[in-house]
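Please look over the protein chain shown here before reading the notes below. The notes are grouped by topic.

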Amino acid sequence: SSRMTVAAWIRVHRHKSFSRILSHEWIGWGWNLYCDGAGLVRFGIGQDNKDFAAGRIIFKNKWHFVVGRYDGAHLQAFVDGVPGAKTSLPNATVDDTGYVSIAGAEYDPFPGEIDDVRIYDVALSDEAIMQSMVSPPGGDQP
């Protein structure tokens, strides 16, 4: 698929340089939703730094709803329903085979809690992202 949305509720206890929330086959054309050392939420496809979109900063020890979206032309990260700037990435191929990693890796765990992980095979609208933040998932999502 060339469109996707990933989302989760997170609570970070400390900021570190690379706190992976959700990632998929981060080699090649996989994707990654993470927080950086300043607490900025980022979403990217591929390993080239220009392919990252940034959302706003999250606060330590507070629950936040974080989202990464790719609509086939732009990457965008959201924090608590607020969209970050769009990053242009037209016609990227998103790898949809292999494993999904939640909360980093055994050697580099996420420094906090993660809850209510969601992975969609569509680019949710801004309104649908806001709705998913305030409503539990049902059985009819894509």
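Which strands do the buried residues of helix 1 pack against? They pack against strand 1, strand 6 (63-70), strand 7 and strand 13. This is a predicted model, in which local features need pLDDT of at least 70 and side-chain atom pairs count only at pLDDT 80 or more, while totals for chains, interfaces and linings use all residues. Residues are numbered from 1 along each chain as its sequence is written, and side-chain values use heavy atoms, with hydrogens and water left out.

**The chain as a whole**

- The protein chain has 1 helix and 13 strands; helices (H or I, at least four residues) and strands (E, at least two) are DSSP runs, numbered from the N terminus.
- Read from the N terminus, the order of elements is β-β-β-β-β-β-β-β-β-β-β-β-β-α.
- Of the 142 residues in the protein chain, 46% are buried. Buried means under 20% relative accessible area, exposed means over 50%, and partly exposed lies in between (1.4 Å probe, protein chains only).
- Among contacts with a separation of 6 or more, 55% join residues 24 or more positions apart; a contact means heavy atoms within 4.5 Å.
- The accessible surface of the protein chain is about 6900 Å², and 53% of this belongs to carbon and sulfur atoms. Accessible areas come from the Shrake-Rupley method with a 1.4 Å probe, and for residues only the protein chains shown count as cover.

**Helix 1 and S132**

- In helix 1, the residues I129, S132 and M133 are buried. Seen down the axis of helix 1, the buried residues fall within an arc of 105°, so they line one face of the helix. The arc is that of the directions from the helix axis to the C-beta atoms.
- An α-helix has 3.6 residues a turn, so residues three or four places apart point the same way.
- E127 and V134 are exposed on the other side of helix 1.
- S132 lies in helix 1, which covers residues 126-134. S132 counts as buried because its relative accessibility is 9%.
- A polar atom of the S132 side chain lies 2.8 Å from the backbone oxygen of I129.
- When neighbours within four places in sequence are left aside, S132 is in contact with F65, R118 and Y120.

**Salt bridges**

- The whole structure contains 6 salt bridges. A salt bridge is a side-chain nitrogen of Lys or Arg within 4 Å of a carboxyl oxygen of Asp or Glu.
- One of them joins R11 and E113, with the closest N and O atoms 2.8 Å apart. This pair links distant parts of the chain, since R11 is in strand 1 (residues 4-12), E113 is in strand 13, and they are 102 residues apart. R11 is partly exposed at 26% relative accessibility, and E113 is partly exposed at 28%.
- Another salt bridge is formed by the side chains of K16 and D108, at 2.4 Å from N to O. K16 lies in the loop between strand 1 and strand 2 (18-24) and D108 in strand 12 (residues 108-109), so the pair ties together parts that are 92 residues apart in sequence. K16 counts as buried at 14% relative accessibility, whereas D108 counts as partly exposed at 23%.
- D80 and R56 also meet through their side chains in a salt bridge, at 3.7 Å from N to O. D80 lies in the loop between strand 7 (74-79) and strand 8 (82-83) and R56 in strand 5 (residues 52-57), so the pair ties together parts that are 24 residues apart in sequence. R56 is partly exposed at 33% relative accessibility, whereas D80 is buried at 18%.

**Backbone angles**

- Most residues other than glycine have a negative phi, and most peptide bonds are trans.
- D80 is not a glycine, yet it has a positive phi of about 55°.
- A103 is not a glycine either, and its phi is positive at about 70°. A103 lies in the loop between strand 10 and strand 11 (104-105), and it is partly exposed at 26% relative accessibility.

How values were computed
A polar contact is a pair of N or O atoms within 3.5 Å; within protein, one must be able to donate a hydrogen and the other to accept it, and residues adjacent in sequence count only if both atoms are side-chain atoms.
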